[in-house]
Amino acid sequence: MTKAPVLILGARSDIGQAIARAFAAEGYPIQLAARNAETLEPVKADIELRQNVSVSLHEFDALATETHEGFVTALPDLPDIAVSVVGYMGEQAENERDLDAAARVIRSNFEGPASILAALANAFEERGGGTLVGVSSVAGDRGRATNYVYGSAKAGFTAFLSGLRNRLAKTGVHVVTVLPGFVATQMTADMDLPAKLTAAPDEVGAATLKAVKKGQNVIYVRRIWWLIMLIIRNIPEAIFKKLSI
Amino acid sequence: MKLSGWGRYPVHDARVETPRDEADVRALVTGKRQAIARGNGRAYGDSAINLSATIDMRGLNRMLGFDAKTGQLTVEAGVILGDIIAAFLPRGWFPMVTPGTKFVSVGGAIAADVHGKNHHKDGSFRNSVDWVEVMGADGTVTRCSPRDNTALFDHTLGGMGLTGVILRAALRLRPVETAWIRQITRPAASLKDAMDIFEDAKDATYSVAWIDCLATGRNLGRSLVTLGEHASLEDLSTANRKAPFATPKTRTRSVPLDFPTFALNKFSLRAFNAAYYKAGLRQQGTRLVDWDSYFYPLDAILDWNRIYGARGFAQFQCVLPLEASEAGLSELLDTIASAGSGSFLAVLKRFGAQQSAFSFPMEGYTLALDFPISAKTHALLEDLDAITLAHGGRFYLAKDSRMSADTLAHSDARVPAFQSQRTENDWTRFSSVQSQRLAL
Ligand SMILES: Cc1cc2nc3c(=O)[nH]c(=O)nc-3n(C[C@H](O)[C@H](O)[C@H](O)COP(=O)(O)OP(=O)(O)OC[C@H]3O[C@@H](n4cnc5c(N)ncnc54)[C@H](O)[C@@H]3O)c2cc1C
Ligand SMILES: NC(=O)c1ccc[n+]([C@@H]2O[C@H](COP(=O)([O-])OP(=O)(O)OC[C@H]3O[C@@H](n4cnc5c(N)ncnc54)[C@H](OP(=O)(O)O)[C@@H]3O)[C@@H](O)[C@H]2O)c1
C-alpha cells in the first residue's frame, strides 16, 4: 500500500530536511514546500535516491497568508502529516530598534505558521484524520531579555498548537508540538553552543517521527530541556527579572 | 580546533570551515588563505589538515542522480561510501572499488585514488570515475574526465586535494546479484608461498593476505590469503535466496578508552598474531561471508584507532615493483620482526598495472602495517623507508604522517612534474601540512 505524503513547510531548514529524511526512510512520499523551492532540487534528488520514495517541490511563503487556502487546495495530494518548521530568529538588538524587523520575526514564527496550519487543520478535520506538527521552541517557554521577540512569537505559536490540539481532539486529527532546545543548524552556525545540550538535526527528525507514530502531544529535544525549562519557568519573576540568562 | 587524521598523530590546531554548498566553498577558496579539503578524516596522517583553512566537505553530501541502465551515480564529494552501499546494495549495486573502510568520502577516495582488494583486476578508484568537478583557486568549476581536461583529471586522481576542491563526481557502480561474498582462505607457510598463491589467483576478483609480521625464521611471512567473488543467487541457500540483499546486521562495538601503552608489547602482539593465524587455519576453504564482514572487518569496532593508545600510531604502506618484491618484502619483514614492534594487522596485496600521474599503486606488491608512535617507531620507519627506496618502491601518502621531503623525492620520479603542474595551473593555493612537509 502506498502511503499518503508528508508535507514539510519551510523545507530549506536543516531540521525540516532531517524530518523529511526520517519519514522518507519509513516509505512516506515527501512534499517539500519553501520559498525558492527550486533550490531544493538536490535535496529532492538525494531523498529520492537514498530512500527510494517520490519527492515533490512546492512554492510556499508563510508570510503570504492570503495564499494559504489556495496552497492547500492546489497540493496534488492532501498530506497525511504536515510539519511546519518555518521560523526566523532575527537579531534581538535590531528587533528592539526597528519595529518592522520585530514584526517580521513575530509574523514569521507565529502568524505565518499558525495560518498555514489552520488551513490544513480545516482540510484534515473535513477528511477526519491526519497529524499536524508545529516546530516551536523552548524560547517560547519564558521571555528572556536576549531573545524575547523571537521567544514571544514562539510562545504564541506554542499556545496556538495547544489550542488546536484541544479543538481537534475529538475529530481524529492529532497535533504535535516539537520544542527543540539548541540544534546545530544554519540558524545557530555562528553561536557557541554547549555540546551536551545541542541536538543534531537528525535527532529532531527521529524524535518527531516517534512523536507522530506514538501520538505524543508535546516533546522536548533533547529531553533534558524539559527539566531545564521547568526550572526556568518556576523562577519567581522578582528574581528572574534581575538575572541575565 | 584540534585536528588529526585517523592515526591521531600528528595533532594540529587548525581552522576548520564547514561549507554547505558550492557558493560557500567558493567564498573560502577565493580568499587569500591557503586551504585544503577534508573528507571523513580517514587518511592516517596530516594530508587533510591545513592550519589556516581546512575545508570539511561533509556538508556537501547529496546524492544527485542515478542511471539504472549504466549504474552511473552522481554525488557530491562529501557523500560517504557506506551511505552509497546502504542506498544501492538493496537495489543490486556495489562500489567498483572500495578501501578497507566504508567510512570514506567520495572526495577522499578520489583524492587518494584508493585501491581495494581487486586492484590487480579492476585497477584503482579512478577506473570507476566517469568525471569529477573540481573548484580551482579562482572559484571556477571545471569538469574533467579521461577525455576532457585530462591533465586536471590525471592529477586530481591521487593528487591528495592539491589540485583544488572536488565538488561532485560521477561513479560507476557494479551490478551484483547478492550481498554475499564467496570467500576462499588459503594459509601460506612463508612469504614465497603467499606470493605464489597471489600469482596463481590473478583471475580472482578480490585477493588480499593478512601477514603475521612477528613470525621469524622459517615462518617469516606466514600469511592467510583470502580470495573472494561476489556470490551469485545459486551460491546462496534457498532461505537466503528469497532476500539476497539481506545480511545479518553487523554488531558494532566501540573502544571505550585509549589502551594503556603497556598493553601493547611484543609479547601481546606476538600472541595476537599467532592466535589470528591459528584461527584462520580453522577457516580454510570456501565460505559465504556477508559484504560488511568481508570488506570492512575493522569497521565493526568503531574507534579502533584508540587501541594504540593516546599517543596515536603511524601506518607504513609501501609498494615494491614486481621484480624486487620478494627480496624487498623479506628484508622489510625481517626488520620489523626483529624490532619486535609489529602491529595487530599487517596486510599484503598484489597490485596490477596502474596508469595515472600521481596515484600510489604500481604493478607489484604492497605491504601495510601500523605501529604505535614512539621514538623507536620513528627509527624503525626510517629503516623501512630506506629498504623501500633501495628496492625501487614508493609510499602511500594517505597513510604517511612523518616521511621527509627527501625520501619522497627519492622514491618517486613523478614529483618534479607534479610540482610544476601545481605552479603552472595555479594549484598552489591548496596545501596541507603534509604537502608542506613534503615540499609538494
Ligand atoms: C581502516 C582503514 C582502512 C583503509 N583501507 C584502505 C585501503 O584498503 N585502500 C586504500 O587505498 N586506502 C585505505 N585507507 C585510506 C583511506 O581510504 C584514504 O585515506 C581516503 O582518502 C580517506 O578518505 P576521507 O574521505 O576520510 O578523506 P580524508 O582523510 O579527509 O582526506 C584524505 C585526502 O583526500 C583529500 N580530500 C578529501 N576530500 C576532498 C575533496 N572534496 N576535494 C579534494 N580533496 C579532498 C584531502 O585533502 C586529503 O589529501 C584506509 C583507511 C582506514 C582508516
Ligand atoms: N536551531 C535551533 O537551535 C532551534 C532551536 C529551537 C527551535 N528552532 C526552530 O526550528 C525551526 C527550524 O529551524 P532551523 O534551525 O532549521 O533554522 P533555519 O534553517 O533558519 O530554518 C528556518 C526556515 O524557515 C523558513 N522560513 C522563514 N520564513 C519563511 C517564510 N516566510 N516562508 C517560508 N519559509 C520561511 C526559512 O526559509 P528560507 O531559507 O527561505 O529563509 C528556513 O528554511 C525554526 O522554526 C526554528 O525557530 C531551532
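A polar side-chain atom of A:Ser13 lies 2.9 Å from an oxygen atom of ligand 2, and that makes a handy way into this predicted model.

**Ligand 2 and its surroundings**

A:Arg12 also reaches ligand 2 through its side chain, where an N or O atom is 2.8 Å from an oxygen atom of the ligand. The side chain of A:Asp61 contributes as well, with an N or O atom 2.9 Å from a nitrogen atom of ligand 2. On its own, ligand 2 would expose 880 Å², and the protein buries 90% of that area.

Which residues come nearest to ligand 2? Of the 26 around it, they are A:Arg12, A:Ala62, A:Tyr150, A:Val183 and A:Thr185. Sorted by class, this shell holds twelve nonpolar, nine polar and five charged residues. Three elements of chain A each supply at least two residues of the shell: helix 1 (14-24), helix 6 (148-168) and strand 7 (182-183).

**Chain A as a whole**

Chain A has nine helices and nine strands. Its radius of gyration is 18 Å, close to the 18 Å that the globule rule gives for 245 residues, so chain A is as compact as a globular protein of that length. Along the principal axes, the C-alpha atoms of chain A fill a box of roughly 55 × 35 × 35 Å.

Inside the chain, 51% of the 245 residues count as buried. Among contacts in chain A with a separation of 6 or more, 69% come from residues 24 or more positions apart.

The shell of ligand 1 is made up of 34 residues, the closest being B:Ala37, B:Arg42, B:Ala43, B:Ser105 and B:Tyr396. By class, this shell divides into 19 nonpolar, twelve polar and three charged residues. Here are some of its polar contacts:

| Residue | Protein atom | Ligand 1 atom | Distance |
|---|---|---|---|
| B:Ser105 | polar side-chain atom | oxygen | 2.6 Å |
| B:Tyr396 | polar side-chain atom | oxygen | 2.7 Å |
| B:His115 | backbone N or O atom | nitrogen | 2.8 Å |

Taken alone, ligand 1 exposes 960 Å², of which the protein buries 95%. The elements that give two or more residues to its shell are strand 4 (36-38), helix 3 (106-111) and strand 11 (165-175) of chain B.

B:His155 sits in helix 5 (residues 150-156) of chain B. Is B:His155 buried or exposed? Its relative accessible area is 10%, and residues under 20% count as buried, so B:His155 is buried. Beyond its neighbours within four places in sequence, B:His155 is in contact with B:Thr163, B:Ala357, B:Phe418, B:Gln421 and B:Trp427.

B:Ala310 belongs to the loop between helix 9 (291-295) and strand 16 (313-321) of chain B. With a relative accessible area of 57%, B:Ala310 is exposed, because the value is over 50%. B:Leu298 is twelve residues from B:Ala310 in sequence, and the two C-alpha atoms are 19 Å apart in space.

Terms used: Residues numbered from 1 in each chain as written. Chains lettered and ligands numbered in written order. Predicted model: local features only at pLDDT ≥ 70, side-chain atom pairs only at ≥ 80, totals over all residues. Heavy atoms only, no water. Near = heavy atom within 4 Å. Polar contact = N/O pair within 3.5 Å; in protein donor to acceptor, adjacent residues only side chain to side chain. Areas by Shrake-Rupley, 256 points an atom, 1.4 Å probe, with all protein chains shown as cover. Helix = DSSP H or I, 4+ residues; strand = E, 2+ residues; numbered from the N terminus. Nonpolar A, V, L, I, M, F, W, Y, C, P; charged D, E, K, R; others polar. Rg over C-alpha atoms; globule rule 2.2 N^0.38 Å. Buried < 20%, exposed > 50% of the residue type's maximum accessible area, 1.4 Å probe, protein only. Contact = heavy atoms within 4.5 Å.
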